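Thanks, everyone. Please have the viewer open while I talk. I'll keep this brisk.

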Amino acid sequence: MPMILDWGACVLRQAIENLGNRTLEGVWRIGYATRFFLAILLHSGTAFRRFGLTIREMYFSGVLSLIIILVSGLFVGMVLGLQGYETLQTYGSEEALGILVALSLVRELGPVVAALLFASRAGSAITAEIGLMKATEQLSAMEMMAVDPIARVVAPRFWAGVISMPLLAALFSATGIFGGYLVGVQLIGVDEGSFWSQMRSAVDFEQDILNGVIKSVVFGVAITAIALYEGYDAPPTAEGVSGATTRTVVASSLAVLALDFVLTAFMFRGLN
Amino acid sequence: MNKTILDLWVGLFVIAGIAALLFLALKVGSMNTVNTTDSYEVVARFENIGGLKSRAPVKSAGVVVGRVADIRFDNEAYEAAVTIRLDKRYAFPKDTTATIMTSGLLGEQYIGLEAGGDSQKLKDKDRILITQDAVVLENLIGQFLYGKAQEGAPQ
C-alpha cells in the first residue's frame with residue numbers, strides 16, 4: 001500500500017513539475033520573442049538604407065506568391081458568385097450579387113485568405129531559410145565578421161513581408177471580384193450595370209477598403225514576425241528546422257484568424 | 001548598385017498591387033462620405049425614426065443629396081433629433097418636408113426631402129420644421145385590425 005501511495009505522489013509531482021516547466025518555457029519564449037521583435041524594429045534602418053536587400057526579399061515572398069494568390073482569388077470569387085447567386089435568387093435580388101462578392105472579399109476573404117496563403121507559401125520558406133542558416137552556422141559567421149544578422153538577414157525579410165502583404169491582399173480581392181463578375185454576369189447573366197452600380201453604392205472607401213488594407217498590414221506584421229522568430233529560434237538540427245517550419249504555419253494561421261476577429265470587432269461594430 | 005531582373009519583377013509586382021488597390025478604390029468602392037467642407041448641416045426632429053441609421057442616404061426626387069450624419073435622442077422633447085448633412089450644391093427652401101421612407105418593401109430606410117415654396121433657403125444649423133415619421137408596420141396592422149373590429153361590431 002505505501003508503495004502505491006509513493007508511486008502516486010511521484011507521478012503527481014512529475015505532472016506538476018512538467019506543468020511548471022512548460023509555463024516557464026512559454027513565458028520565456030514570449031519575452032524572447034518581444035525582445036526579438038523590438039530588435040527588428042531597432043535595426044530596420046538597414047532594411048531601408050540598403051533597399052536592394054528588401055527588394056530581393058520582396059521578390060521571394062511577394063512575386064513568387066503571386067501565382068497562388070491570383071489563382072485562388074479567381075476561384076474564390078467564382079465560387080462566391082455561384083453560391084451567392086443560388087442564395088440571392090430565392091429572394092429575387094440577384095442584382096445584389098455584386099455587393100455580396102465585393103463586400104465579402106474586400107472586408108474578410110481578401111485579407112484573411114491571402115494571409116493564410118502567404119503564411120504557408122512565404123512564411124514557411126522564411127523559417128526554413130533562416131533555420132538552415134542558423135544550423136549551418138552562417139548567422140554565427142556573420143556575427144564573427146561584426147555583421148549583425150538581425151540587421152542584414154532578418155529586418156529586410158520583415159519589411160519585405162509587411163510591404164508585400166497588403167499588395168497581395170488587394171490583388172486577391174481584385175481578381176476575386178473579377179471572378180465573381182465572370183460567373184455572375186458572363187455565365188449566369190446578372191445585369192452588368194446593376195452588378196457594378198449596386199457594388200459601388202454599397203462599398204465604402206474608408207469603412208471597407210481602407211479597413212481591409214489595415215487588416216492585411218497587421219497580418220503581414222504578424223506572419224513575418226512569427227516566421228522570422230521561429231526560424232531564428234529553431235534548434236540547429238534537421239528535425240528542429242522542420243518542426244519550426246510546421247510551427248510557423250500553424251501559429252501564424254491561428255494568429256491571423258484570431259487577429260481577424262479582434263480587428264473585425266473593432267472596425268465593424270457600430271456599423272449599420 | 002546594379003539594376004537586375006529581380007528589380008523588374010518586384011517593380012511589376014508593386015505596380016500590379018497598386019493598380020489593384022486603385023481598382024478597388026475607384027471601381028468597386030466610392031467615397032460615400034460627403035466632404036465636410038462642401039456641405040451644410042440641418043436638423044430634423046421626428047417622433048419615430050423607425051429603423052433609420054447613421055449614414056443612411058437623404059434623397060430628393062430619388063437623387064441622393066446628402067447623408068444622415070448623426071441621430072440622437074432629445075431627452076427634453078422626447079424626440080429623435082436627426083442631423084442631416086447636405087451637399088452644398090443643393091439648396092432647399094425653408095419649408096421643405098422631411099419624410100422617413102423605405103426603399104422597397106424590406107429595403108433600407110432613408111430620408112426623403114420634398115421642397116416647399118418658400119423663397120428663403122435652408123442654411124447651416126437650420127431646422128427642418130415639417131417632418132413625417134417612419135411608418136411602423138405594427139401600428140399599421142394594429143390600426144387595420146381595429147378598423148375591421150369596428151366594422152364587425154353591431155351598431
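This is a predicted model: local features need pLDDT of at least 70, side-chain atom pairs count only at pLDDT 80 or more; totals for chains, interfaces and linings use all residues.

Start with chain B. Its secondary structure comes to 2 helices and 8 strands. In what order do they come along the sequence? The pattern reads α-β-β-β-β-β-β-β-β-α. Chain B has 155 residues, and 34% of them count as buried. Now take its contacts between residues at least 6 apart in sequence. Of these, 64% join residues at least 24 apart.

How many of the residues of α2(B) are buried? The number is 0, so α2(B) lies largely in the open.

Next, the interface. On the chain B side, 25 residues are in contact with 30 residues of chain A. The two chains bury about 2500 Å² between them. Carbon and sulfur atoms account for 75% of that area. Which residues of chain B lose the most area to chain A? They are F13(B), L24(B) and V28(B). Together those three make up 26% of what the chain B side buries.

What about charge across this interface? The count of salt bridges between chain B and chain A is 0. For polar contacts, the count is 1 residue pair, with both residues at pLDDT 80 or more. By class, the side of chain B that touches chain A has 15 nonpolar, 6 polar and 4 charged residues.

Move to chain A and helix α4, residues 66-89. This helix has 24 residues. It reaches 34 Å from its first C-alpha to its last, close to the 34 Å expected at 1.5 Å a residue. Its buried residues include L66(A), I69(A), L80(A), Y85(A) and L88(A). Glycines are on that list too: G73(A), G77(A), G81(A) and G84(A). S72(A) is also buried. What do these buried residues pack against? Within chain A, they pack against α5 (97-135) and α7 (149-188). From chain B, α1 (5-28) joins in.

Now a lysine. K215(A) lies in helix α9 of chain A, residues 205-233. Is K215(A) buried or exposed? It is buried, because its relative accessible area is 0%. The side chains of K215(A) and E108(A) are joined by a polar contact of 2.7 Å. Another polar contact, of 3.0 Å, joins the side chains of K215(A) and D260(A). Set aside the neighbours within four places in sequence, and K215(A) is still in contact with R107(A), P111(A), L263(A), T264(A), M267(A) and F268(A), among others.

Last topic: salt bridges. Over all chains the count comes to 17. Why can such pairs form at all? Side chains of opposite charge can pair when their charged atoms come close.

Stay on chain A. The side chains of E230(A) and R247(A) meet in a salt bridge, 3.1 Å from N to O. E230(A) is in helix α9 and R247(A) in helix α10, residues 238-267, so the pair ties together parts that are 17 residues apart in sequence. E230(A) is buried, at a relative accessible area of 5%. R247(A) counts as partly exposed, at 36%.

Over to chain B. E41(B) and K125(B) meet through their side chains in a salt bridge of 3.3 Å, N to O. This pair links distant parts of the chain, 84 residues apart. E41(B) is in strand β1, residues 39-46. K125(B) is in the loop between β6 (109-114) and β7 (126-128). K125(B) counts as exposed, at 61% relative accessibility.

One more pair in chain B. The side chains of D87(B) and R89(B) form a salt bridge at 2.9 Å, N to O. D87(B) is buried, with a relative accessible area of 13%. R89(B), at 65%, counts as exposed.

To finish, back to chain A: salt bridges that share partners join R29(A), E230(A), D233(A) and R247(A) into one network.

Note on methods:
Residues are numbered from 1 along each chain as its sequence is written. Chains are lettered from A and ligands numbered from 1 in the order in which they are written. Side-chain values use heavy atoms; hydrogens and water are left out. Contact means heavy atoms within 4.5 Å. Buried area is the accessible area (1.4 Å probe) that two parts lose on being put together, summed over both. A salt bridge is a side-chain nitrogen of Lys or Arg within 4 Å of a carboxyl oxygen of Asp or Glu. A polar contact is a pair of N or O atoms within 3.5 Å; within protein, one must be able to donate a hydrogen and the other to accept it, and residues adjacent in sequence count only if both atoms are side-chain atoms. Ala, Val, Leu, Ile, Met, Phe, Trp, Tyr, Cys and Pro count as nonpolar, Asp, Glu, Lys and Arg as charged, and the others, Gly among them, as polar. Helices (H or I, at least four residues) and strands (E, at least two) are DSSP runs, numbered from the N terminus. Buried means under 20% relative accessible area, exposed over 50%, partly exposed in between (1.4 Å probe, protein chains only). The expected span of a helix is 1.5 Å times one less than its number of residues.
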